[in-house]
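Let's take a walk through this fold, starting with its aromatic rings and ending at a pair of strands. Keep the viewer open as you read.

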Amino acid sequence: MKKILVTGGTGYIGSHTVVEAQQAGYEVVIVDNLCNSQVGVIERIQQITGIRPAFEQVDCTDMAAMEEVFKKHPQIGAVIHFAAFKAVGESVQKPLQYYHNNLRSLWVLLTLLPKYEVGNLVFSSSCTVYGQPDHLPVTEQTPRKPAESPYGNTKQICEDIITDAVRAGIPVQGILLRYFNPIGSHPSAKIGELPIGTPQNLVPFVTQTAAGIRPQLRIFGNDYNTPDGSCIRDYINVVDLAKAHIVAVDRMLKKQCKKPVEVFNLGTGKGVSVLEIVRTFERATGVKLPYEIVERRAGDIEQIWADTTFANTELGWQAHETLEDTLSSAWKWQQTLQ
Ligand code: NAD
Ligand code: WQD
């Protein structure tokens, strides 16, 4: 069965994954309610791949509507579940919306998958589940820390819901993918990240500053216990990240999984500081980036990067794109938005 259902498939990571899935020969059905994306993405995907994915504008928390999707599109081999609210700060302001959207959408899927004989689920998790780890880099065995936000808590709870449901015997294979910091855009610059309002994440803020939309980047703290004092993250190219989902689906369909629920870190394995992002962006694009150092951002962790050994050896996946090329792709995308 080479048909997959992708929830949140018009979103940032979802759209890149749909492109990779189609290019790998999968037939794709997208379910998205467009609460954080635009329908025009479907056309853009078609421009890249030459294939128009099926699209259902449906809210994943709506059980009856989701049931219609499974009836209309039989023989789905796997679901990749991206659909969720993802803004950490907003989740603190609107916890009930976050718990409702992120938990109920998963609950609906886990209820319907056995009924429609869909045996495979890939879930978008996050390095946020590790908090500030005691040892770096983090492996999949690194203990999770209590969540720092309702958003982070939804990711931990969703991981637990999948694990408990599979342990209780629902006939579903699970793969939990813990993304580090996804950045960049498709090299065609036809799809990319579309932040609404002021970007909260670093790279969209960098590209908007370079474009003159923001007067300057504010770097949150240079007094951390890191080589240059700014925070360290593991920035992963979104196309590399998208490809990992195809490897995960292939693995499930070929029945190569070794445990009923598998967990993989998806990062580069390299820690990069905020100041290094600024310097690399300037070098890669030739654009000077005005910035100021301001106070630390509440809730930020000092440093984290992935141990990717398990993803490299067991999944057979690794990140390839350089940081220069990734930041160039983000800049190329930004320039199409003006
Ligand atoms: P995104 O907001 O661009 O994409 C999510 C998509 O889901 C959007 O198109 C939105 O319209 C849709 N959606 C949300 N709720 C829905 C619902 N109830 N029904 C139908 N559609 C719904 O976000 P993204 O960056 O592509 O993130 C995708 C997934 O990856 C999310 O689960 C997110 O938590 C996770 N993740 C993202 C990052 C990151 O930094 N971008 C890091 C780790 C994990
Ligand atoms: C990166 C670094 C900031 C903006 C978030 C979520 C996490 C995951 C990924 C979903 C930090 C610094 C940022 C700015 C800055 N998402 N920064 N100036 O915080 O690592 O992770 O996205 O699961 O859950 O928390 O990403 O891009 O916001 O920040 O100096 O204007 O850039 O302090 O060190 P973060 P980010």
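A residue is called buried if its relative accessible area is under 20%, exposed if over 50%, and partly exposed in between (1.4 Å probe, protein chains only). This is a predicted model, where local features need pLDDT of at least 70 and side-chain atom pairs count only at pLDDT 80 or more, while totals for chains, interfaces and linings use all residues. Residues are numbered from 1 along each chain as its sequence is written, chains are lettered from A and ligands numbered from 1 in the order in which they are written, and side-chain values use heavy atoms, with hydrogens and water left out.

With that in hand, look at Phe264: its relative accessible area is 0%, so it counts as buried. Which kind of aromatic pair does it form with Phe310? Rings of Phe, Tyr and Trp (its six-membered ring) pair if their centres lie within 6.5 Å; planes under 30 degrees apart are stacked, over 60 edge-to-face, and the rest tilted. A search of the whole structure turns up five such pairs. Phe264 and Phe310 are stacked, because their centres are 5.0 Å apart and their planes meet at 15°. The two sit 46 residues apart, Phe264 in strand E11 (residues 261-266) and Phe310 in helix H10 (residues 309-315). Those labels come from DSSP runs, with helices (H or I, at least four residues) and strands (E, at least two) numbered from the N terminus. Phe310, at 34% relative accessibility, is partly exposed.

Next, Phe281 and Trp331: centres 6.0 Å apart and planes at 75°, so this pair is edge-to-face. Phe281 belongs to helix H9 (residues 274-285) and Trp331 to helix H11 (residues 323-336), so the pair ties together parts 50 residues apart in sequence. Both Phe281 and Trp331 are buried.

Phe205 is one of the buried residues of H7. After H7 comes Gly212, with a positive phi near 85°.

Now follow E8. Its covered face holds Leu217 and Ile219, its uncovered one Arg218 and Phe220. E8 runs parallel to strand E13 (residues 291-294), joined by four bridges; strands pair if DSSP finds at least two bridges between them.
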